[in-house]
Amino acid sequence: MSCPSFVPHDHAACRRDALSQAEALCAAEGARLTPIRRKVLEVLLKQPKSLGAYDILNQFAESGEPKQPPAIYRALDFLVERGLVHRLEKLNAYVACSCQGDSHVPAFLICRACDRVSEAPDITPRRLDAAAQTQGFRIERTVVEAVGLCEACAE
Ligand SMILES: [Zn+2]
Ligand SMILES: [Zn+2]
Ligand SMILES: [Zn+2]
């Protein structure tokens, strides 16, 4: 499953799928999707945009919940560790994974005008792997971030 952020679609269905997959994944790993972890994921799933930790905090405050920065950072760490959320290095922001369950190299299309983000599934940077191999370099983490304009913003 993936969420095609730049074309109209039933995002409520993406949200439901992502939450139930997150629950299944946590259950399978014996981890708990605590209320705060779930809430952080829900906030990120609300719109197909990336959010900084500070934006997430503000959304908590808006819904009347106490601001708890350390708890939210811990929840983000948990979600990132399990691949339920990805961190966008360039933007220093977070985005909910839209292809949960598979181990994958996250690749993103990021609109610089509206900040919407779409995760592109099935990107395998094999050439990067090959380049690393010839130099004995061990890749620990790869994130592909493509910045540009979505169709709506380009008009
Ligand atoms: Zn969606
Ligand atoms: Zn992903
Ligand atoms: Zn855009």
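Predicted model: local features only at pLDDT ≥ 70, side-chain atom pairs only at ≥ 80, totals over all residues.
Let's start with the zinc ion that is ligand 1. Its donors are C3 through SG, H9 through NE2, H11 through ND1 and C14 through SG, at 2.1 to 2.3 Å. Along the chain, these donors follow the spacing C-x5-H-x1-H-x2-C. The 4 donor atoms subtend angles of 101 to 118 degrees, so the arrangement is tetrahedral. As for solvent, C3 counts as buried because its relative accessibility is 8%, while H9, at 30%, counts as partly exposed.

Now the other zinc ion, ligand 2. Which residues coordinate this zinc ion? Here we have H86 (NE2), C97 (SG), H104 (NE2) and E119 (OE), at 2.0 to 2.3 Å. The spacing reads H-x10-C-x6-H-x14-E. H86 lies in strand β1, residues 85–88, and H104 sits in the loop between β2 and β3, so to speak a pair that links distant parts of the chain, 18 residues apart. And why is the arrangement called irregular? The 4 donor atoms around ligand 2 subtend angles of 93 to 137 degrees, and tetrahedral would need every angle to lie between 85 and 135 degrees. H86 is buried, with a relative accessible area of 8%, whereas H104 is partly exposed at 28%.

Last stop, the helices. Helix α2, residues 35–46, packs against helix α3, residues 53–62, at about 105 degrees, with the axes 10 Å apart. The two are therefore roughly perpendicular to each other. On the α2 side, the contact uses I36, K39, V40, V43, L44 and K46, and these meet I56, Q59 and F60 in α3. By type, that contact divides into 6 nonpolar, 1 polar and 2 charged residues.

Notes. Residues numbered from 1 in each chain as written. Chains lettered and ligands numbered in written order. Heavy atoms only, no water. Donors = N, O, S within 2.8 Å, 3.2 Å for Na, K, Ca; no water. Tetrahedral: all angles 85-135°; square planar, octahedral: opposite > 155°, others 65-115°. Buried < 20%, exposed > 50% of the residue type's maximum accessible area, 1.4 Å probe, protein only. Axes fitted to C-alpha atoms, helices over the stretch in contact; angles between N-to-C directions. Helix = DSSP H or I, 4+ residues; strand = E, 2+ residues; numbered from the N terminus. Parallel < 35°, antiparallel > 145°, perpendicular 65-115°, else oblique. Contact = heavy atoms within 4.5 Å. Nonpolar A, V, L, I, M, F, W, Y, C, P; charged D, E, K, R; others polar.
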